Amino acid sequence: MSLKDQHIIKTSNLSIGYTSKKNVNTIAANLNIELDKGKLVCLLGKNGIGKSTLLRTLTKVQPALSGEIFINNTNLKTLNSVDLAKSLSLVLTEHLPESNLSVYELVALGRQPYTNWVGNLSDTDLKFIDTAFEQTNTKHLINAKYYELSDGQLQKVLIARALAQNTDIIILDEPTAHLDIHHTIETLALLKKLAKDFHKTIIVSTHEVNLALQLADILWLMTPSNFMADSTENLIENNCLEQLFDSDLIRFNKTLKQFTLSNSD
Amino acid sequence: MVNSTKSYRNTFIILLGALLLIFIVNISLGSVYIPLKQLFLAFIDGEVEKESWKSIALNYRLPKAITAIIVGSGLSISGLLMQTLFRNPLAGPYVLGISSGASLGVAILILGASFFGATTAGFAFSSWGHAIAASLGAFLVLSAVMLAAIKVRNTMSILIIGLMFGSLTASVISVLAYFSSANQLQQYLFWSFGSLGNLSWNEILVLLIIFLIGMTCVIFIIKPLNSLLLGENYAKSMGVNVKRTRNLTLISTSLLTGVITAFSGPIAFIGLAVPHLTKLLFSTSNHKILVPAVAISGAIIMLICDSIAQLPTSEYTLPINAITSLFGAPIIIWLLVRKRKITY
């Protein structure tokens, strides 16, 4: 029903995977994604199913095998790296290299696509950095070194860096991987707030399926044979979540709208 | 970072003051005692009591001090760039075998001159010849280490690979040495001891020109180097052209290390130790602050090392490499011992 120009991300017949000299390893094919602005998307799937590959392809870190990706109606192939950096920011799982960066400096780096050749911060830059600290409630940390932070604090600061980059889309690769349940909920709730209050389009890959079921607007489910993208309610209605884990140990409980142990009831 | 230049201004003023002071101390030291006032008169072309004093001041001490400044700054900046590019706090021109690469270039030029015949002989002894050969050698080894670093991310492995490149070039040099004449060998050996004092004004001009070219490249990579502090993937996601940054870094470090090694011989540890000391002093990773700070600190420390080399008897000059190693090696040990705190 929605018009074409409302899709912040759109793919047509997208195939993702890896090419080596000898063969092509297709991980998923014929993906036709249409995503509206201001949604929190949780990307769910088993380990090794290709979640990171999908995110890497959407962010132009690796090329698509075939098909097209449109960011804000612009073909990803025609976007130069600086323009892409102005519409899409990342939060990665990888460890940061050792450095002396303070939290403020780290977040300020998010302004790189906008600063001049030597990286001077303008008043506008300072304002965006300030807003990013406010939105993530991390202002008290600005003078700390990033390596002094707890995992939960660091995750919020990394999100603040992405916010300072002032992009419509923020993509996070397993931001909750190292967090306890309290910080996991806090992080996901923060992302939900950013989507709802500030119309950010947020795509998160996560293993927190039960939390994702409660918080996400849209779920992207990856199974070995299928890719399903829809609102949580529709996916539950159509019994799609049952396909997520082909395991005897865990099953989807439709009334609770949660995954439970198979022998728990 | 908000008011970065302001809050660091005082430290910069102190550093520049220290540089001026040690510069004066450095030129007042030497085997012949010359009163400060006479030195000053010599520099402004005034009446000096002894003609020999003027000659010593203008043709020996001043060129040596200027060489020390360029060598110290250039090697330290090279070290800073490598530490950020390799994401490795223990990277530096000497440790990664870059100085050895430059040595190989010079060795092939001096020792291999007999292979290439008489036509290259003139070129081999010219200062430009040395500079070009050393820069090429440095670039070759640096590219090889970089290629290895793309495959191997482990800090220690990269250092060991750099060490291996050092051994490789050393063995090639010994093969070359075996086949060369006593005269060529002597020339190479003297070069390899490292010295700041043998440069003519013409050679200093060559050194200065290439130093300035290298430093100009550095100014253009200050911003992308800052984003590389978060790793290559973050840098790319912020619109940084990582490949271009890496190439510019490789070019400027090989130019700086190459030409400095060509004229002053392989000088150990300055490139590794100075960036760490500067980071301790300034407590930042922002290259906009670090590049000038490291350049000034490098000059200061090189002048100090050179002054110490002059001190003991005032009759002989100690080899500069002995002093820089005495100062640099303990710093590496100290860095490794308190490893948790290593930052770059």
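Angles between axes under 35 degrees count as roughly parallel, over 145 as roughly antiparallel, 65 to 115 as roughly perpendicular and the rest as oblique. In this predicted model, local features need pLDDT of at least 70, side-chain atom pairs count only at pLDDT 80 or more, and totals for chains, interfaces and linings use all residues. Residues are numbered from 1 along each chain as its sequence is written, with chains lettered from A and ligands numbered from 1 in the order in which they are written.

Helix α5 (residues 98–111) of chain B packs against helix α10 (residues 182–192) of chain B at an angle of about 155°, their axes being 9 Å apart. α5(B) and α10(B) are therefore roughly antiparallel to each other. To this contact (C-beta atoms, placed from the backbone, within 7 Å) α5(B) gives Ser103(B), Val106(B), Ala107(B), Ile110(B) and Leu111(B), while α10(B) gives Gln184(B), Gln187(B), Tyr188(B), Trp191(B) and Ser192(B).

**Nonpolar core**

The largest nonpolar core has 166 residues, of which Val41(A), Val107(A) and Val259(B) touch the most other members. Such a core is a set of buried Ala, Val, Leu, Ile, Met, Phe, Trp, Tyr and Cys residues joined through C-beta atoms within 7 Å; buried means that 20 or more other C-beta atoms lie within 10 Å of the residue's own.

Leaving aside residues up to four places away in sequence, Val259(B) touches Ala131(B), Ala134(B), Ser135(B), Leu207(B), Ile210(B) and Phe211(B).

**Contact between the chains**

Chain A contributes 26 residues and chain B 27 residues to the contact. On the side of chain A that touches chain B, the largest share, four residues, comes from α2(A). Helices here are DSSP runs (H or I, at least four residues), and strands likewise (E, at least two), numbered from the N terminus.

Terms used: A residue is buried if 20 or more other C-beta atoms lie within 10 Å of its own, exposed if 12 or fewer, and partly exposed in between; C-beta atoms are placed from the backbone. Two residues are in contact if their C-beta atoms, placed from the backbone, lie within 7 Å. Axes are lines fitted to C-alpha atoms, for helices over the stretch in contact, and angles run from 0 to 180 degrees between N-to-C directions.
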